[in-house]
Amino acid sequence: MSAVTEHQQRWQQALKSVTSRIEALPTVRSSGRVVRATGMVIEAVGLRVALGDNCRIELSTPQQGAQTYADAEVVGFSGDRLFLMPLAEIHGLMPGARVLPISNGEPGSARRFPLGEQLLGRVVDGTGVPLDGLGDLDDAPRAPLATPPLNPLSRAPIDAQIDVGIRAINALLSVGRGQRMGLFAGSGVGKSVLLGMMARYTRADVIVVGLIGERGREVQDFINNILGPEGRRRSVVVAAPADTSPLQRLQGAAYATRLAEGFRDEGRNVLLIMDSLTRYAMAQREIALAIGEPPATKGYPPSVFAKLPGLVERAGNAEVGGGSITAFYTVLTEGDDQQDPIADSARAILDGHVVLSRTLAEAGHYPAIDIEASISRVMNHVADDRQIRQAQRFKSMLSRYQRNRDLISVGAYQPGHDPSLDEAVRRYPELEHFLQQRTDECANIEHSRQVLDQILGGNA
């Protein structure tokens, strides 16, 4: 008799739960209609939906009578007109098509994305849909992309060096745990290869990789050849290649950052790799121009320069005793122009930058790091005085040699007149060799410092 009673109680509880959910549903479902579609933007009327919320647009009925929909996000409004941008290219859109808010315009109707441990080793697109064929993520916890900003006074200071496995960076451009660095380079000078080395060699609990707006071929190449099986086990890859919509590229960058925040909130040390920040800015430019925002600097609307710090500032350290996000963002300098507006803006909001030189890359010098043009703004806080003095001496010798390179090449240099230049010329082969590293070679912090000591004769 007790077993029957328990069974009845479970059924009553289940029925009560279903009833409460049904009662919470609205009795009337609001909808709007499409009045205009130009380029990437669809205009709709008849809805009151918040900016950033999601809607579904009814498409023309295909064969077999099944109704199909296209997901879109509210990216702007003017008067009673909503500006919607679809997440993917759509076919079958007709004038007057119905537009349905996903959550009836109520708060919290923004899209929710899968997060957490189940994503380790997975590859997903900018909307959280798996691309690797390893099953769905329906059981993973979900949350919206927006998070409240951290109080800058509550963040833990950057006071510990992180090992990135690159000799030139470990010794001369020391990176702190929780730092945000930029990799500035033109196309084809090895920034993706350098990022891959960091992904394999950096000591971090979790790696989150955002491949935003890059070639689709690079996604598989990065996963199989650069990350490898070892790196992939502790990584999450968010891929929004160049052929996806600008909205999905924008979401992909925000989603990768949100994943990193989730792991950081669990107390883990996260390495966030974003390739590239420039493609993120270009996606925002496409959206802003499509909804009528006027262009400002070199065709970039003002909203682009407001979005960049909003994304970058989400990385960094959590509260004292919490996790961290050490972030590397690639910045594409078009035509190797370091004064490109996106490069200039990124340089101002990041904690340092590593500049890759096309001249060095063409000479077979890898990684093609231009040490003179690169800087780490937190090196003084994470490296000891000896290493800082040695790094300064190394850069001084390299710079002196480079300034006199033409004289040395034509044979006009005569030793004995300038002791500092004589030393720079004598040590230059060692300096150049120090800055080069094979892609399969890992140079930890201790090894990098020892080699630097040997080159400089053991005295700073």
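Outside the four places on either side of E286 in sequence, this residue touches M40, P246 and R249, where contact means heavy atoms within 4.5 Å. The structure is a predicted model, in which local features need pLDDT of at least 70, side-chain atom pairs count only at pLDDT 80 or more, and totals for chains, interfaces and linings use all residues. Residues are numbered from 1 along each chain as its sequence is written, and side-chain values use heavy atoms, with hydrogens and water left out.

E286 belongs to helix α6; helices (H or I, at least four residues) and strands (E, at least two) are DSSP runs numbered from the N terminus. With a relative accessibility of 29%, E286 is classed as partly exposed, the class between buried (under 20% relative accessible area) and exposed (over 50%), computed with a 1.4 Å probe on protein chains only. Its side chain makes a polar contact of 3.1 Å with the side chain of R249. A polar contact is a pair of N or O atoms within 3.5 Å; within protein, one must be able to donate a hydrogen and the other to accept it, and residues adjacent in sequence count only if both atoms are side-chain atoms. The C-alpha atoms of E286 and Y300 lie 9.0 Å apart, with the two residues 14 positions apart along the chain.

**Domains and pockets**

The protein is divided into domain 1 (32–101), domain 2 (112–384) and domain 3 (387–457), with bounds from an automatic or database domain assignment. The centres of domain 1 and domain 2, taken over C-alpha atoms, are separated by 32 Å. Between these two domains, nine residues of domain 1 are in contact with 10 residues of domain 2.

The two pockets are set out below. On a 1 Å grid over the protein atoms alone, a pocket is an open set of points where a 1.4 Å probe fits, with protein on both sides within 12 Å along at least five of seven lines; lining residues have an atom within 4 Å of a point. Grid points are joined across faces, edges and corners, and a volume is the space filled by probe spheres set on the points.

| Pocket | Volume | Lining |
|---|---|---|
| Largest pocket | about 1100 Å³ | 43 residues |
| Second largest pocket | about 370 Å³ | 24 residues |

Nearest the centre of the largest pocket lie L145, A146, A254, K307 and R314. Its lining draws at least three residues from each of domain 1 and domain 2. Helix α5 provides the largest share of this lining, eight residues. The lining comprises 21 nonpolar, 10 polar and 12 charged residues, where Ala, Val, Leu, Ile, Met, Phe, Trp, Tyr, Cys and Pro count as nonpolar, Asp, Glu, Lys and Arg as charged, and the others, Gly among them, as polar.

In the second largest pocket, K191, S192, V193, R215 and E218 lie nearest the centre. Helices α3 (191–201) and α4 (216–233) each supply at least two of its lining residues.

Helix α8 (residues 341–349) is mostly covered, with seven of its nine residues buried. These buried residues pack against β10 (180–185), α6, α7, β15 (324–332) and β16 (352–355). At the start of α8, a side-chain oxygen of D340 comes within 3.1 Å of the backbone nitrogen of I342.

I158 lies in the loop between β9 (142–144) and α2 (167–172). Beyond its neighbours within four places in sequence, I158 has contacts that include R177, N317, D351 and H381. The C-alpha atoms of I158 and R177 are 6.1 Å apart, although 19 residues separate the pair in sequence.
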